[in-house]
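Please consult the sequence and structure shown below while reading.

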Amino acid sequence: MTKYGNKKFKKIYNDVNAIYSYILTSSEIERLSDNIIKLIKLSVPKKNIKIKETDILLITYADTLTEKKRKSFSVLDDFLRKFLKNSINIVHILPFYPSSSDGGFAVTDFFKIDSKHGNWNDLKKISKNFRIMSDVILNHASSKSKWFNNFLKNNGVGKDFFLSLDKDINTKNVIRARSHKLIQKFSTKKGEKYLWCTFSRDQVDFDFKNPKVLLMFIKLILFLHNKGVDFFRFDAVAFIWKRLDTSCINLDQTHAIVRLFRTILNLTNKNCKIVTETNLPFHENLSYFGNSDEANIIYNFSLAPLIINMLIKGNSAAFRRWSMSMPPAKDTNCYLNFLATHDGIGLRPLEGILNDNDLRILLKTLNNFGSKFTYRKDKNNKKVVYEANISLYDALSGTINGKDNYSYNRFYCAHAIMLSYEGLPAFYIHSLFGTKNNLNLFKKTKITRSINRSTYDYEDIKRMLKSNSSHTNKIYTNIIKLIKVRKNQIAFHPNATQYTLNLGNSFFGIWRQSIDKKQSIFGIYNVTNTNQKLNINKLNILGLENWSDLISLKKLEAKTTVVTFSPYQFMWITNKNNN
């Protein structure tokens, strides 16, 4: 390593050593570090551009919108430029690689784009106007991939990429994400082998103990960056390292691998961001910030189920308690806030936050609103609910007492909370349309997640978006208005100060203050389906006449003491209106 004469590369050696110190010799670690350094183009890293209040992310499949005789990327690019250019600037395009199952997450070739979507030039075209987030599926590959086929034949690239055992083993200590049998038997040229399959038999886990696997993913990340990607979503990253005497989740080597990737990106382009997807209890999720040297951004998985739970129960107590305990992210990092994704509503992030009775009430209510459920096995080998599969609009279609007439109000209130909360806001494309449960698609695929993975004919969507009387237009118009207001407020910077208020169980409230302390915003939300009165003095606002509501654009009168909030009404009260 000394031949490079560059101290900054020492960090790479340290990260590699943290991963492989108990597997490789010192000389092997040095040789591996040298091979990694050779992959990095020596250049002056671009200046780090931090996430700001103007940054909003969209989550979508490449082919959520379709049009005959046009490739998916072309349709998506057209939609983004015509309908979202002034609102959204980051786009997470869910796996666009060739795939055999799991909505694109069983990848057959990581270095190709599925031909139905287009090609790499089409992706680069989108990246000219929008920053691109791409999935790096570290944990597994498709059982139909070329790499796995080479493993079965014991010949070629991939022949030693997968976690193979000579016999079935006891996995009772392993924390599971699904309920199927974890160790699956395959016939290979070298006889029967037992392989680790965290998510399905079609998704066979890599063996990162083999440095060739690590090197291949470093090549992939650098390749994707060259094609226009600068946000890298590490899917299911918590599971990538296995040791049989452990729970096989969140292991030290996993964190060291994330640190190594961050080191590499810092040496090539500091504009690149690592986003870790870890659908886990909150304190475990937080660990992926590391010492500000792992993920730049972590999914705030507890936020969505807590907001949904709060609004359908009409009680802010659980959300408020959690919010008060949430540590602020350092200015080099931030949370990714969302209410819906292509997956379901994860329930593991509620562990230690909701008690069993409250969780049962939540699940019963979602079931009444049409939810299906995905299961995993707990430490006692018992099947428990892993996630609720339901569209966000249907999840918010009523309260624990049943459906009511406040679906729209509840839906907007939920998004207003998310937009005002510390972090980077992300919208699943179906949240912009108010998409409802797709039971027909679920019946067709038998896959619970299909209920929230509808596709639309692009011409139909354009007509609905332009029709003032349509449900789709109503949702889209109001959400875009909220986004545009949020983008102008420096107090909504992802790292601006946040303080959770205690306004009683019928309200949720936060105070945000800009980093330069020039703007304050009080976000106040009636979380019930009845009128609620709030004594404005509880906010300790001085000089009331200088404050106004960003939503209604009305100034607060100096004599105001009590404000009546209609069901799910919210206010963003500020001392500095930047609209």
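## Terms and basis

A residue is called buried when its relative accessible area is under 20%, exposed when over 50%, and partly exposed in between (1.4 Å probe, protein chains only). Helices (H or I, at least four residues) and strands (E, at least two) are DSSP runs, numbered from the N terminus.

The model is predicted: local features need pLDDT of at least 70, side-chain atom pairs count only at pLDDT 80 or more, and totals for chains, interfaces and linings use all residues. Residues are numbered from 1 along each chain as its sequence is written, and side-chain values use heavy atoms, with hydrogens and water left out.

Strand β19, residues 424–428, is mostly covered, with five of its five residues buried. L424, A426 and Y428 point one way from the strand, whereas P425 and F427 point the other way.

Strands count as paired if DSSP finds at least two bridges between them. Strand β1 (residues 57–60) pairs with β19 in the parallel sense over three bridges, and L57 has A426 as its bridge partner. Strand β13 (residues 334–338) also runs parallel to β19, joined by three bridges; here L336 stands opposite L424.

## The open five-stranded sheet

Five strands form an open sheet in the order β21-β22-β23-β27-β25, with antiparallel pairing. β21 (497–501) and β25 (548–549) stand at the edges, each with a single partner strand, so one side of each lacks a neighbour in the sheet.

β25 and β27 (residues 570–574) run antiparallel and are joined by two bridges; the bridge partner of S548 is T574.
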